[in-house]
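Hi,

Here is the model I promised to pass on. My notes on what turned up follow below it.

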Amino acid sequence: MNDLVLSLSKATKLYAGVPAIDGVDFDLRRGEIHALVGENGAGKSTLTKVMAGVVTLTSGGMTVDGVDVTPKTPLEARNLGIAMVFQENSLVPTMTVAQNLFLGQEKFYNRLRGIYIAAQQFLQSLNFDVTPTATVGGLGAAKKQMVEIARAVLHKAKVIIFDEPTATLTPEEKKYFFDLVKDLKRRGVSIIFISHALEEALLLADRITVLRDGKHVVTDDAARFDRARIVQAMVGRDLSNTLYGARKATVRPSGKRVLTVQNLKMAPMVKNNSLSVFAGQITGVFGLVGAGRTETFKIVAGVMKRDFFHGGEVILDDKPVRYRVPAPAVQAGIAYVTEDRKVEGFFETASIARNIYLGLLAKFPRGRAWLSRRESTSTGKSWIERLKVRAIGDEAKVVELSGGNQQKVVIAKSLIQDPELIIFDEPTRGVDVGAIVEIHELINSLADKGKAVVVISSYLPEIMALSDRILVCRQGKVVEEFSALEATEEAIMYAAIH
Amino acid sequence: MKRVRISQQEIVFAVFAALFLSFSIFLNGFLSADNMLTLLQNVAVLGILGLGMAIVVIGRGIDLSLIAALAVPGGLVLQMVQNGHSLPASLVAAGLLAIAVGLVNGWLIAYAEVPPLFATLASGLFVAGLGQAALFQLDVVQWSDGMAGFERLGQGSILGIPTSIVMFAIACVVVFVLLRKTRWGAYIYAIGDNPFAARVTGIPSRPIIVLQYVVAALIGCFAGLVMAASVNSMPTRIFNSTLIYDVILVVVLGGIGLSGGRGGVVNVIIGTLLIGTMLNGMTILNIPYAGQNLIKGLVLLVAVITDTFLNPRNEETAQQGDI
């Protein structure tokens, strides 16, 4: 059984100088099921993408069947026998099952009847109950996954990587999926699967590898793990060693209740979510990807399209509100600092000063029908100073700045609107080390000034360092609330994992 | 980024200068006073339309109904006056029609979220059809006595400058002020730069998009009146011509990226000069219509390709890797 089909040594991948994975050693035996667990941002996706040829290593090596190779494209990886089943599956929804199976392998003249017969035989040989002539778009999540698996087997994959395979499945579908995976194992295929669901990993896997902050923590037989040991390995940081400083000794008391969310629903991400946010303190919202944290607050701020709003109430300062677009929410004193600043954060061709000035124009249009260059420059200057944005002049374009400075501009654009409720979604994602400290200081000072501050983060040390109150989300709703004084990383992680 | 954009403008201006110079030297009659006047007059209408298109393109849209907005309200004025209505009343009716076209376009694009290409293509066809079916008696709406005096909008000269050029200049100033000096202009650039960020910032994106199309339609209507005044009639069949492609050519060639948020009035002027000179030179050279289209097509293709290289849409290329 100690026959290695794939191994990585000292694998490192840097994104703009920041390691996503850092010197990771990993090996995969023939015919084993290997679970990969870790927090968001631990480097699980990057590690598997390296194997699948989607991402190229910055340094380190990879061997397949004992031969040194580094797949540079997904096609090369596929030819090596490595297939990846993505979270967002990669099937063409308008084509039939058979067409999807043979996609990219069609003969010049492609006779539909021929591929239907071939697909039918192939699917039967796998014992898959899928109709080859069905259109993929009409299939359920489990059947789509079956088609993906069938395609991987058809491509003679030796290694199949699943990224969160069970996240979208119903319990029965999950059971079926487990049987499929076990069947694949019997055929000698090695399986890697990424999962947030620890029970599944413990149940299904032969071995489990835990990653934390891009580093390999432990690999061991699943039988020698239990839930507690995995959680311990996932969060067991030496806190004195992080940038985030020590735990809080005191917490700010709750001020006036600013925001109440009651039974908010939005399929499929938010399920009956209820929570409150108070003035003068920082409410940390923790949860794994898919826990519905971002969606809940995007609905509050009107950023999420109203069409998907399925029910529940948002109450701002004792008044029920329902925003269809962000503009009225901004007027009402809500600011949402996005988790994805490149997509919805800043204006890249505009200068720093113009970016900030646009925030001012949007909130206080009165008396500003004509642009004032002087006001633009002076507000730009003062905010650049306040937030210590490092740039060559305030006319520098935002796109030329580093991640941390870009984030500061996005924050300034919101703060100039003088909001009462500020929602920071992953405020330090992709931000350089020095800027993290400065942004945290800024967030703290806002709460000290009596603003209601929400920090959404999937990074536990950040939550622990900033929050006065911690809300933990799981599967679309807040499941537990901690005071920062009583919370421990283990307790929070326990609550967040299903 | 900044450097690249400036050099694109410079290239286009250099091409214009080279073309103008070589036509002046090698083409008999190009530099004559008569020809210069025709050139400028043709250029004026094209330039005014280019301004309307520029506003929309800067806001990351496109307006294919611009020619309909030129022909139909313009023709309506002439027709109504012919039918015995007063000139001011006819002008008001034309303005209202243009505003209605803009409102429908804007509503379709901003609220119904129809892609601008299809929304304006459809509305343009509809308006042109409406004009031909219900409003005009002849394809070419003739000047009538009631219009006396109005031809000064497109003929003659003011302080020695041909009037149509003065009209273009006025339109340039108005659009420049709108885009660069007002809050609305700042919003238009912001929406074109990053529509998602504009939304999140609290900019009223949808009303501003409607505004863009209304202003574009009004500018189209103005161009139509200038054109009608300079030729003393309104050939409504102009909708079926390739004029709309010339307008897009002007905007893209001038360096206003189709990805939005970039460029301004200067780019329209440069683009207009180049296209105007090119079209005029080709006419004097007696290049047949088909040949002209061939050349225009090639130039537009080169311009669009250059544009995608110089101003790539960023949200696709610049996304960070998922960790």
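Strand β1 (residues 4-15) of chain A pairs antiparallel with β2(A) through eight bridges. This is a predicted model, where local features need pLDDT of at least 70 and side-chain atom pairs count only at pLDDT 80 or more, while totals for chains, interfaces and linings use all residues. Residues are numbered from 1 along each chain as its sequence is written, and chains are lettered from A and ligands numbered from 1 in the order in which they are written.

A word on terms: helices (H or I, at least four residues) and strands (E, at least two) are DSSP runs, numbered from the N terminus. Two strands pair if DSSP finds at least two bridges between them.

Back to β1(A). The bridge partner of L4(A) in β2(A) is R29(A), and that of Y15(A) is V18(A). β1(A) is also joined to strand β4 (residues 59-64) of chain A, by five bridges and again antiparallel; here S9(A) stands opposite G61(A). These strands belong to an open sheet of four, ordered β2-β1-β4-β5 (chain A), with antiparallel pairing. Its edge strands are β2 (18-29) and β5 (67-68) of chain A, each of which pairs on one side only. Helix α1 (residues 44-51) of chain A lies across β1 and β2 of chain A and runs at about 60 degrees to β2(A). Angles run from 0 to 180 degrees between N-to-C directions, and axes are lines fitted to C-alpha atoms, for helices over the stretch in contact.

Chain A has another open sheet of four strands with antiparallel pairing, in the order β12-β11-β14-β15. β12 (270-278) and β15 (319-321) of chain A each have a single partner strand, so one side of each has no neighbour in the sheet. From one strand to the next, the twist averages 20 degrees. Strand β11 (residues 257-266) of chain A is held to β12(A) by six antiparallel bridges, with L259(A) opposite V277(A). Helix α9 (residues 293-300) of chain A packs on this sheet, touching β11, β12 and β14 (311-316) of chain A, and its direction makes about 115 degrees with that of β11(A).

Now for a pair of helices. The axes of α12 (residues 352-363) and α14 (residues 403-415) of chain A come within 7 Å and cross at roughly 30 degrees. The contact involves I352(A), N355(A), I356(A), L358(A) and G359(A) of α12(A), and V409(A), A412(A), K413(A) and S414(A) of α14(A). Contact here means that the C-beta atoms of two residues, placed from the backbone, lie within 7 Å.

As for the domains, chain A is divided into domain 1 (4-239), domain 2 (241-333 + 419-496) and domain 3 (346-418), with bounds from an automatic or database domain assignment. The C-alpha centres of domains 1 and 3 of chain A lie 44 Å apart.

Finally, the contact between the chains takes 38 residues from chain A and 26 residues from chain B. On the chain B side, α7 (183-193), α8 (195-201) and α13 (314-317) are the elements that give two or more residues, and α8(B) gives the most, with five residues.

Best wishes
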